[in-house]
Amino acid sequence: MPQGGYLYLPDYLDDASRRAVLDWLRTLHPLWEQRYSTRRPPPAGKAQRPLLRPVYWLGNWQFACLGYYEPPRGVRDRCVAAEVFPPVLATMIADVETRIRRSFAAADVPPGWRLNTCLVNFYGNRREAGDRWVDVARVGEHRDFEPGPVASLSIGERALFQFVARGREPGRAPVRTQWLDDGSLQAFGGPYWKDDLLHRVQRVDDRAGIELPPAIEGFHTRRVNFTFRFVPDRDVVPFHRLGAQARDDVRVYVEELARHSAHFQRALRADPGSGGEASTVPRTRS
Ligand SMILES: O=C(O)CCC(=O)C(=O)O
């Protein structure tokens with residue numbers, strides 16, 4: 001297993017930054033997206049379903065129904081311009097970029113690389129019919145297709161994170177297992193960690209009775225993970241410049257975000273297809 005291109009710092013987050021991140025989380029209104037468009041039937045053989053968890057994106061929003069960013073072919077109409085990082089994350093990420101540039105091979109850091117995209121994942125229990133609470137704190141194996149190193153910050157209960165070889169054999173042993181602790185930073189890059197292996201979150205501990213903000217209807221959050229990635233500016237498009245079908249697919253989400261976000265209020269106002277609805281939404285936080 002190559003040692004390069006991987007970094008794990010268990011106590012990365014200091015107390016002041018942690019407080020600032022939690023304060024910022026309290027202001028958020030995450031979205032609970034459907035996997036496929038609600039405006040047309042799902043692809044053949046696929047059933048509509050909600051994502052396992054609520055999410056929030058910064059920098060650009062990759063709506064599940066448009067497909068995630070997957071260069072070289074999956075780049076068009078995938079990354080919708082979103083809010084900027086709050087100061088606490090912007091400061092932290094400048095430091096993370098420096099650490100990565102210092103310790104990763106130059107060949108693994110593409111030209112223009114910077115961590116300009118953040119997916120905030122909320123892990124916990126979901127309320128289902130009959131007031132049953134179901135643990136949905138996991139992520140199936142996948143790759144992150146954004147070019148260059150990715151970095152992730154974890155808060156709350158620790159998570160069992162694993163890298164596995166690509167392939168279909170069931171039960172294959174993980175190549176590396178790492179518990180992601182409260183306040184830890186993990187980063188990985190280069191073809192071995194990014195392309196040859198898949199990664200997954202097998203489970204999240206449920207020991208400390210932690211409940212993290214914000215309050216989300218029908219959901220109890222016990223872990224929040226911020227995954228930082230790089231999407232070249234040329235592939236980030238404002239909402240009103242999406243193709244007509246993509247705009248139609250995500251307008252319902254942009255309208256929901258605009259209820260609490262000045263950025264998305266402006267995005268709606270710039271869209272001729274939104275019929276002036278934006279003018280009825282209150283102006284709030286950027
Ligand atoms: O929650 C984590 O630690 C990993 C999340 C992840 O794999 C992803 O967002 O792509």
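The points below are grouped by topic.

This is a predicted model.

**Ligand shell**
- The residues surrounding the ligand are Leu119, Asn121, Val139, Asp144, Ser152, Ala159, Phe161, Leu180, His199, Val201, Asn225 and Thr227.
- Two or more of these residues come from each of β5 (117-128), β9, β12 and β13 (219-229).
- By type, the shell holds six nonpolar residues, five polar ones and one charged one.

**Open sheet**
- Four strands form an open sheet in the order β7-β12-β9-β10, and the pairing is antiparallel.
- β7 (139-142) and β10 (176-180) are the edge strands, each with a single partner, so one side of each has no neighbour in the sheet.
- From one strand to the next, the twist averages 20°.
- Within this sheet, β9 (residues 159-165) and β12 (residues 197-204) are joined in the antiparallel sense by seven bridges.
- Ala159, one of the shell residues, lies opposite Val204 in β12.

**Strand β8**
- All seven of the seven residues of β8 (residues 150-156) are buried, so the strand is largely enclosed by the rest of the structure.
- β8 pairs with β11 (residues 185-188) in the antiparallel sense, over four bridges.
- Leu153 has Leu185 in β11 as its bridge partner.
- β8 also pairs with β13, again antiparallel, over six bridges.
- Ser154 stands opposite Asn225 in β13, and Asn225 is among the residues around the ligand.

Notes:
Residues numbered from 1 in each chain as written. Predicted model: local features only at pLDDT ≥ 70, side-chain atom pairs only at ≥ 80, totals over all residues. Pairing = 2+ DSSP bridges. Axes fitted to C-alpha atoms, helices over the stretch in contact; angles between N-to-C directions. Near = placed C-beta within 6 Å. Nonpolar A, V, L, I, M, F, W, Y, C, P; charged D, E, K, R; others polar. Buried ≥ 20, exposed ≤ 12 C-beta atoms within 10 Å, placed from the backbone.
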